[in-house]
Amino acid sequence: SPAAPGPGAEVLSPRGGRRKRPLDLGSWGSRLVPPLRFGAVEEGLFRGAHPSLRNLRFLRRLGLRTVLSLTPEPPSSDLVEWCALESIELIHLRVPRMEKDQVLNPGQVYARAASRLIDSRLYPLYVHCMDGFSVTGAAVMLLRKLQMWNQPSVSSEYCRFAELQNVPAHVERFIRDFSDEVVVSDRLPSWLWAAQRLASHPGFRLRHDPPLIKETTTAPAEKVVRMSRTLRALDVEGFERFLDKNKYVVQVSYRD
């Protein structure tokens, strides 16, 4: 069953709400133009700026199931209409526009965004903010932290999309001090923890929905560090210290 939108989220275009009237894309209907700062995050997960009419034919080729908008105001009427036409669920999380050196929006909205980014029931998913790097970049940094990338790799990816030499100090502080609870569903993508939920994480507070059962098994460190195809950026030594300290990693089976 599809994931519920959750608190603070507005579903502007539910799946199954297909309209008969086609959206007029004008001369852009025959061109493939990706959104500004478009990129593939992982299999089934894409990022970029707020799409305009000229980007919609390109996005159609992705076979999207969900569009997640992290913007201060609701998405454009063109995007709402197009998602309805394509039977794409459009979820809006209201996130204020970032200004230079401002304190980031309370972490709860980023925690809700992170929970959606790791729910495979929503894939293929396109996540965007207005410019494709500020809010989206912070959300993807949290995702990489969930994947246990090392900090230099997380920062390098942010800077590449933002076209900056360094991550702004207020963004670094936000990611470093992030403490809000992230909800983990039982439908994880294959590229996150080998689609097996962990009972604990070295950098996050996790809440499992549905809850984990008590039965656990132990997994050796060499198995765990093969979990992600993003091992090129994984801080293996740091994670192994975490395993040694806790003696085991919990591998969970869960209720249907």
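**Rings, cores and loops**

Student: Over which ring does the charged end of R47 sit?

Tutor: The charged end of R47 is placed over the ring of F161, 3.8 Å from the ring centre. A charge sits over a ring if NZ of Lys or CZ of Arg is within 6 Å of the ring centre and within 35 degrees of the ring normal. Please note that this is a predicted model, in which local features need pLDDT of at least 70 and side-chain atom pairs count only at pLDDT 80 or more, while totals for chains, interfaces and linings use all residues. Residues are numbered from 1 along each chain as its sequence is written, and side-chain values use heavy atoms, with hydrogens and water left out.

Student: And what about K145, which ring does it lie over?

Tutor: K145 lies over the face of F204, at 5.5 Å from the ring centre.

Student: How many aromatic pairs are there?

Tutor: There are seven aromatic pairs. Rings of Phe, Tyr and Trp (its six-membered ring) pair if their centres lie within 6.5 Å; planes under 30 degrees apart count as stacked, over 60 as edge-to-face and the rest as tilted. Y123 and W191 are a stacked pair, because their ring centres are 6.4 Å apart and their planes are at 10 degrees.

Student: Where do Y123 and W191 lie?

Tutor: Y123 is in the loop between α3 (107-117) and β6 (125-128), and W191 is in the loop between β7 (182-184) and β8 (206-208), so the pair ties together parts that are 68 residues apart in sequence. Helices (H or I, at least four residues) and strands (E, at least two) are DSSP runs, numbered from the N terminus.

Student: Are those two buried or exposed?

Tutor: Y123 is buried at 12% relative accessibility, and W191 is buried at 3%. Buried means under 20% relative accessible area, exposed over 50%, and partly exposed in between (1.4 Å probe, protein chains only).

Student: Which rings form a cluster?

Tutor: F38, F46, F58 and Y126 are linked into a cluster by ring pairs.

Student: Changing topic: which residues touch the most other members of the largest nonpolar core?

Tutor: They are L70, Y110, V182 and W193, in a core of 49 residues. α4 (135-146) gives the largest share, eight residues. A nonpolar core is a set of buried Ala, Val, Leu, Ile, Met, Phe, Trp, Tyr and Cys residues joined through side-chain atoms within 4.5 Å.

Student: Which residues of α5 are buried?

Tutor: In α5 (151-162), the buried residues are V154, S155, E157, Y158, C159, F161 and A162. Their cover includes β2 (39-42), β3 (45-48), α4 and α6. Just after α5, E163 has a positive phi of about 60 degrees.

Student: What is S185 in contact with?

Tutor: Leaving aside neighbours within four places in sequence, S185 is in contact (heavy atoms within 4.5 Å) with D119, R121, R197 and D209. S185 lies in the loop between β7 and β8 and is buried, with a relative accessible area of 8%.

Student: Where are the cis peptide bonds?

Tutor: One joins Y123 and P124, with omega about -10 degrees. The bond from D209 to P210 is also cis, with omega near 5 degrees. P124 is in the loop between α3 and β6, whereas P210 is in the loop between β8 and α7 (221-224).
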